[in-house]
Amino acid sequence: MAGGCWRWEKTGVLVGGVENRDEFDGIVRGLETKLPMKLRDEILKKAGPWSAVRLALALVSVGCLSALRAEVVVGGMSGAQMEAKEKGQVLIGELNCVACHGEAGAAEALRARSKVAPRLAGLGARVDPRYVEAYLKDVHGVKPGTTMPDVMAGLAPGEKTKRAKALTHFLLSLGEQTFAPEAADAVAAVEGKRLFHSRGCAACHAPRDDAGKELPMAGAVPLGALDRKYSFRSLVGFLRDPHAVRPSGRMPELEMDGRDVERIAHFLLKDTRVPGGLVYTMYRGKVWEGLASDEVKPERGGQVGDFGLKSVGEVRHHTAIRYEGWLTVAMPGKYTFHLVMNGGSLKVDGAALMEVAPSDRRGVRELSGTVELTAGVHRVELTYFHTGREPKFVCELEGPGMERQAVPEAMLSATEKPVPAFEPLVVDPVLAMRGRELFGESGCANCHDDVGVAGTRRASLKGLDAGRGCLGEGSGAWPHYDLSGEQREWIRAALPEAEDVKFSDEQRIGQTLVSLNCLACHERSGLGSLSAERRAMFTGTQPSLGDQGRVPPPLSHVGAKLTPEWLWEVLVNGKRQRPYLDAVMPKFGERNVGHLATLFGKVDRLEDAVIPKVGNLQESKAAGYEMMGVSGFGCIVCHEFNGQKTGEMAALDLVHVTNRLQKNWFGLYMRQPTRFHPTVIMPSYWPDGVTTRPNILGGDTAQQIEALWAYLEDGGKAKKPLGLSRQSNELRVSDVTEVCRGQSPIGYRGIAVGYPERISLAFDAGEMVLRQIWKGEFASVDAGHFHPRGGDPVSFPPGIPFHRLGTMDESWPYKGKTNYAFPQDQGYQFRGYQLDKARRPEFFYEYGGVKVRDFFEDVKDGEGKAFFRRTMVFETAAAEPFYFRAAAGETAVAEGERAFKVGKLSLRVTSEHGGVVREGSPAEVLLMMKLPAGRTTLTLEYRW
């Protein structure tokens, strides 16, 4: 490592200036991200199965560590097609060389385009003081690839430590120290990982694996170990307003919902460790079915001090909480846990001590379990279900020398090795004064000019010796940049003209796009394009649009394409018209990109399109209206129109075309779309200049294109194109029953049946259960799917119809997330259906040794109102009694032994079978089926 040496000790590997293993591991993780994947894999293979240290040792053994260190990362340069001199100018701006070299007031053009250093006022509220000191002590080790120089590279390790400490005290004396680390929410972090990769963060920064570790990617802008730097509060504050700290816009403002920003912060800080008794995860949904239920989802998580419910905040009904942590036992012996709860489990060292299934139909239970424990730490995992009647939770412990009591917080730890409490830095006024002096003497104040310390100027850039000082490879009494040999050559090529270089407009565009890393998302002809690995990372919500549905649009010809007003809105205000792209257009700030709106317009020129004179404007608009609709070119089949869409695809909304696009570009694009997007799925309606609709406007290509423009100029007031209201896919019922099958809201193996009396039902053949009945229109059908259309729906819960309940507290069986054998594992088999003369289906299925025939018919009562009569025929040689769940809902009331009211449904059993109401969520009507050998018939009526 620069300025230090390696040595092996029993505690691990230490490097000059790095005093603990955690800090070292953070440095090594940063170094790993700079390795090409193939080289990294080869080195790790050679190093063997060690910890993170193995990589560093392997790097030393092959002599490549110093080479890895020497590479300033400016993301946009990795694939930029620029001459060496131009790349050097970018680096001179990104390294802010003009801050030190050149008199104040000189080289104003260079100063204006150079990156402004981060603002340091308020640093004590944003950054962990331990990180500040470690970073100053070894800038390039803690954050490889940073553009910040090491101003103490030529000093001995001990002196670096002293100066880093003094500078830290000075910087934290500039404002209040409100920094305090917080535990990350592991639930939010899962969604944060998805957002980090889909919304555009990973376009500039390295993608990360499930553990949050950066994966190698060329040109990735380094982040370093964020969990050692930020608190959750400070990172969220930075992400919401990055320009307040970094006004140069290299980190743009994210156009995202505030909650999404928080989720990303939780993901990036998921390795944060703070003192705490337990890690918890809260779940919501039908928790009485267990955590494996598809109807139960994790809601939030974090750390708490103990098992008390007050620690996790509000706990609503139908909630589950899983606590995980470590229990420290001082004295060996037998320990007894006492639990009061509806349901849950307790594991100690992985072994189940107590477990009781939750039920929404009973109150709490008192449980006790005893375990023999040795002195030391023991893994504990407790799951509690807050459900049922009058839910309550108590967790107490008693053991040797310990009376029965709530588990003391002092015995609990979220980690096997307790994390020490964070201690804010107490600023030493003497050290702070010394740090202030060093801040000026070392040149820090030249870049960081917001803290009221005078800087020191050096020779102008023109007079620099390109082989010495900052550009030299050795260390001395000057700032040291981690530059590769190639990067040094680029800077040397640019130095003679650095202060007064005259860029062309195209070069100014290139300098800006590379400096802001716009090429991470966009292509621009002659400057650069997306790498294959970055292109593959982009996603969208409409795969049918191809690359145009997931990859941000190219910037080639953008000045000739977009109107100046629209271009300004996109660049400065982050305006977007492609909501189907997961990546969002961020805001870089007017100061940083405002000039591009003018420059693009000056540089991007195309030949003039043929724009004819229009004799009759209304006739032209009428032709445009015809071509836009399904009887013309069918533009609305793929595009939205004023917020409406015709099919599943919904490309750019056409009503904004004349506001967004320049008319000349529109004319050229319509003639040859693949000229501007080689992979575009937009067809050419005028191949070789010849129209495919010769019957419109005499087949004149120019007039047809002009007609489309004239029609679209009316924007949102334009007449709705023919066919915009999607053609009906309704399946209607006449005088015979209609049946359709496929995926639907009721299940993957749904069967919908529409009856002539205009009542319908949906039967789930997967679980052999009635799922919904409704009135009126039957169903919409489309490519193997159907969706009920009518009104007055009555829904029935998913799940098997019959079950042998052990007790009335037992939950009805459900399909777990990974229980692919359900319901066959409960003894069910579907045997199909057959139609009677009126095309009404009779369903056949089996439950264990019981064969079932299930038939519905539509019947009218005396007032002419239609209802369902259901006949179920059971055949068995011998069977144990079981329950039939005939109906369920939020409320259920027995109006007799054979009559029930479930919500708005009236259920009547017309055979000799009685039922009961089982209270709970949902409330259920259960019929006891005691089948004799032979055949039994059950009949019911459903009215609503």
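Biologist: So a cavity is a set of grid points where a 1.4 Å probe fits but cannot get out. How many cavities of 30 Å³ or more does the structure hold?
Modeller: Nine of them. Keep in mind that this is a predicted model.

Biologist: Take the second largest cavity. What volume does it have?
Modeller: About 170 Å³.

Biologist: And how many residues line the second largest cavity, and which lie nearest its centre?
Modeller: The lining has 16 residues. C97, H101, L464, C470 and Y481 lie nearest the centre.

Biologist: How does that lining divide by class?
Modeller: It has 13 nonpolar residues, two polar ones and one charged one.

Biologist: C97 is on that list. What about N96, what is its phi?
Modeller: Phi is near 55° for N96. That is a positive value in a residue other than glycine.

Biologist: Where is N96?
Modeller: In the loop between α5 (84–94) and α6 (108–113).

Biologist: Switching to helix packing. At what angle do α11 and α14 pack?
Modeller: Helix α11 (residues 186–198) and helix α14 (residues 258–268) pack at about 100°. Their axes are 7 Å apart. The angle falls within 65 to 115 degrees, so α11 and α14 count as roughly perpendicular to each other.

Biologist: Which residues meet there?
Modeller: α11 brings A188, A189, E191, G192, K193, L195, F196 and H197. α14 brings D260, R263, I264, H266, F267 and L268. By class, the contact has seven nonpolar, three polar and four charged residues.

Biologist: Next pair, α18 and α22. What are the angle and the axis distance?
Modeller: About 140°, with the axes 10 Å apart. Helix α18 covers residues 505–515 and helix α22 covers 590–603.

Biologist: Left-handed or right-handed crossing?
Modeller: α18 and α22 cross left-handed. On the α18 side, the contact uses D505, E506, R508, I509, T512 and L513. On the α22 side, N592, H595, L596, L599, F600, K602 and V603 take part.

Biologist: One more pair. How do α25 and α26 cross?
Modeller: Helix α25 (residues 663–671) and helix α26 (residues 701–712) cross at roughly 125°. Their axes come within 10 Å. The crossing is right-handed.

Biologist: Which residues of α25 and α26 make the contact?
Modeller: K663, F666, G667, M670 and R671 belong to α25. T701, A702, I705, E706, L708 and W709 belong to α26. The classes come out as six nonpolar, two polar and three charged.

Biologist: Now the backbone. What kind of peptide bond joins F822 and P823?
Modeller: A cis one, with omega about 5°.

Biologist: Where is P823 found?
Modeller: In the loop between β22 (802–803) and β23 (828–835).

Biologist: And the peptide bond from S921 to P922, cis or trans?
Modeller: Cis, with omega near 5°.

Biologist: Which loop holds P922?
Modeller: The loop between β31 (915–918) and β32 (923–929).

Note on methods: Residues are numbered from 1 along each chain as its sequence is written. This is a predicted model: local features need pLDDT of at least 70, side-chain atom pairs count only at pLDDT 80 or more; totals for chains, interfaces and linings use all residues. Side-chain values use heavy atoms; hydrogens and water are left out. Axes are lines fitted to C-alpha atoms, for helices over the stretch in contact, and angles run from 0 to 180 degrees between N-to-C directions. Helices (H or I, at least four residues) and strands (E, at least two) are DSSP runs, numbered from the N terminus. A crossing is left-handed if the near helix is turned anticlockwise from the far one by less than a right angle, and right-handed if clockwise. Contact means heavy atoms within 4.5 Å. On a 1 Å grid over the protein atoms alone, a cavity is a set of points where a 1.4 Å probe fits but cannot get out, and a pocket is an open set with protein on both sides within 12 Å along at least five of seven lines; lining residues have an atom within 4 Å of a point. Grid points are joined across faces, edges and corners, and a volume is the space filled by probe spheres set on the points. Ala, Val, Leu, Ile, Met, Phe, Trp, Tyr, Cys and Pro count as nonpolar, Asp, Glu, Lys and Arg as charged, and the others, Gly among them, as polar. Angles under 35 degrees count as roughly parallel, over 145 as roughly antiparallel, 65 to 115 as roughly perpendicular and the rest as oblique.
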